[in-house]
Amino acid sequence: MDIKKRLKAMLQEAEIYRSQGLIAEAKSIYKEASEHINSIEKLKNKNSLLNLINSKIVALDETKTRVEKGPAASRELGKKAQDLIKNLFAFSENKDADYAALEGAVALAKFGQFDRAFDELNALIEKDNVRVEAGKNILRCHLAAATSDEAIEQYKKWFLMDIFLPSQLETLRSYLADILQKKGVKASLPSPLTDGERMTSANHETVVSVEPELEEEFLDITSIGITFDSGPQKGRMIEFDVNFQSGNMLSLIISKSDQELIEGLKSGSSLQDIQFYSPIAIFNGAGMVASKTKIKSGPKQGDYCLDIKIVST
Amino acid sequence: MAIFNLKKREIECKVVFYGPGRCGKTTNLEFIFKAYKKQVKGEMVSINTEGDRTLFFDFLPMGLGKIRGCDVRVQLYTVPGQIKYSSTRKLVLRGVDGIVFVADSLEVRREKNMISLKDLQSNLKEYGKSIFQVPLVMQYNKRDLAEQGIPLMPIEQMERDLNRQLKVPSISASAVKGTGVGVTLKECLKQTLKQLQREFKWAQ
């Protein structure tokens, strides 16, 4: 194929990838085309062609940034969309209206619709049969939407009010205390029961949680997003697939082409802002780079295997 | 899980279009919405999109009319393809009765197809379902791009990559042109209804 035809084919291919929203693929072909042009010494309009390709690459980078930093999936939707979520994702076959309402509110929270979920869960606190479950899910919403402090404040507010019975309040206290302990957050949560009462309550309590995920030791994490606090990637969140997980240790592969990332992620360095994506929840936490190993053979030769230890969630 | 109302002789099932980001899941649904007006029972709803990227899901309700004395309704969903929306994908997959796996025929998307299929398998497993048992149809999308000289994987290669063990029906398609979309849906519904018949024996 002559040079002109080859270049034309490459640019056409890149343009199709761009139109398909395949940003990385388009960029890779544009770069290849750029290298190809540079390697030809006597080419008419060489500079203008290179400038044109460069502008395409810049535009692709802008799109990539927009996609990565675009509106979070958790932004509040309109009422109609929220109603549809409630309708489609409340799976309970329980005919009880309050339980159905609770499931609807939980579905909203799962899709990040926290404002309305809060409203509906707060209304459900008035209902005897779902009061504790509604309370637990309010705490979970605070933990997912904001910080542990808000969940703690919420509990303390309830402690001063007459909404919950002491045994119910103790259930909520112990529920929150467990989560905070796993997150490594120290907090003093006043108990409505004496030590003796607490022991009895713990022995007799059988609470069914609508949302038991956080009580598990470690969720199955499919991918993570690391926000860098220094280096060339400062302020950016980069996502990685998790290739293997063993308890709190996650293994990722970083391509050899991502030199900046490889250099930025030094063994022993701490990662304060990690978003963990599990099939049932998205949550934030911190971790540290436990090891970084260059892969010496196989299809991933030259890439790096990174082990990240989850420190807190 | 399908809802079967024995008294009213109604059955409602859920079909999910799964696949990697940008493979054409929403385009499939858009074509179905336009081409099957008679069967479509409401608007196609796209919940939370960024540009043309699905962040939550698309939803399209359909009615197939009476099949063996039973009124059959189908809810079609797409999942967000981007890796980071894993938890949403799993939520949408809950209670699924049939799946269309939309694979991207572009050579450069080979690995993404395989990752997505693995993701589907693992999400189904978490719901106690086996990918080998769930009604599944494979769609090899974007075949039209060959006309523009774009490198596509040969069907044989896609079969080897994605369908060697599953051995499910596979259909070549161009969702943007509508080619193969109807055939894919019909095949998936056929598989799904067969499975539901085995479970509920509703047609007896």
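Arg22(B) lies in the loop of chain B that runs between strand 2 (10-18) and helix 1 (25-35). The model is a predicted one, and in it the phi angle of Arg22(B) is near 65°, a positive value in a residue that is not glycine. Is Arg22(B) buried or exposed? With 24 other C-beta atoms within 10 Å, Arg22(B) is buried, because a residue counts as buried if 20 or more such atoms lie within that distance.

Arg68(B) is placed in the loop between strand 4 and strand 5 (70-78) of chain B, and although Arg68(B) is not a glycine, its phi is positive, at about 50°. Arg68(B) has 11 other C-beta atoms within 10 Å and is therefore exposed, since the limit for an exposed residue is 12 or fewer.

In soluble globular proteins, nonpolar side chains tend to be buried together. Here the largest nonpolar core has 85 residues, and those with the most contacts inside it are Val16(B), Leu76(B) and Phe101(B). Leaving aside residues up to four places away in sequence, Leu76(B) touches Val15(B), Phe17(B), Leu29(B), Ile32(B), Leu60(B) and Met62(B). There is also a second, separate core of 15 residues, which includes Ile224(A), Leu250(A), Ile254(A) and Leu271(A).

The next step is to ask how the chains meet. In this model, 27 residues of chain B are in contact with 32 residues of chain A. On the side of chain B that touches chain A, at least two residues each are supplied by strand 3 (45-50), strand 4 (53-67), helix 2 (86-93) and helix 3 (110-126) of chain B, and the largest share, five residues, comes from helix 2 of chain B. The residues of this side of chain B divide into 11 nonpolar, eight polar and eight charged.

Finally, a pair of helices in chain A deserves attention. The axes of helix 6 (residues 114-124) and helix 7 (residues 131-145) of chain A come within 9 Å and cross at roughly 160°, and these two helices of chain A are therefore roughly antiparallel to each other. Helix 6 of chain A passes helix 7 of chain A in a left-handed crossing. Where they meet, helix 6 of chain A contributes residues including Phe114(A), Phe118(A) and Leu121(A), while helix 7 of chain A contributes residues including Ala134(A), Ile138(A) and Cys141(A). The residues of this contact divide into nine nonpolar, two polar and no charged.

Definitions and conventions: Residues are numbered from 1 along each chain as its sequence is written. Chains are lettered from A and ligands numbered from 1 in the order in which they are written. This is a predicted model: local features need pLDDT of at least 70, side-chain atom pairs count only at pLDDT 80 or more; totals for chains, interfaces and linings use all residues. A nonpolar core is a set of buried Ala, Val, Leu, Ile, Met, Phe, Trp, Tyr and Cys residues joined through C-beta atoms within 7 Å. Two residues are in contact if their C-beta atoms, placed from the backbone, lie within 7 Å. Helices (H or I, at least four residues) and strands (E, at least two) are DSSP runs, numbered from the N terminus. Ala, Val, Leu, Ile, Met, Phe, Trp, Tyr, Cys and Pro count as nonpolar, Asp, Glu, Lys and Arg as charged, and the others, Gly among them, as polar. Axes are lines fitted to C-alpha atoms, for helices over the stretch in contact, and angles run from 0 to 180 degrees between N-to-C directions. Angles under 35 degrees count as roughly parallel, over 145 as roughly antiparallel, 65 to 115 as roughly perpendicular and the rest as oblique. A crossing is left-handed if the near helix is turned anticlockwise from the far one by less than a right angle, and right-handed if clockwise.
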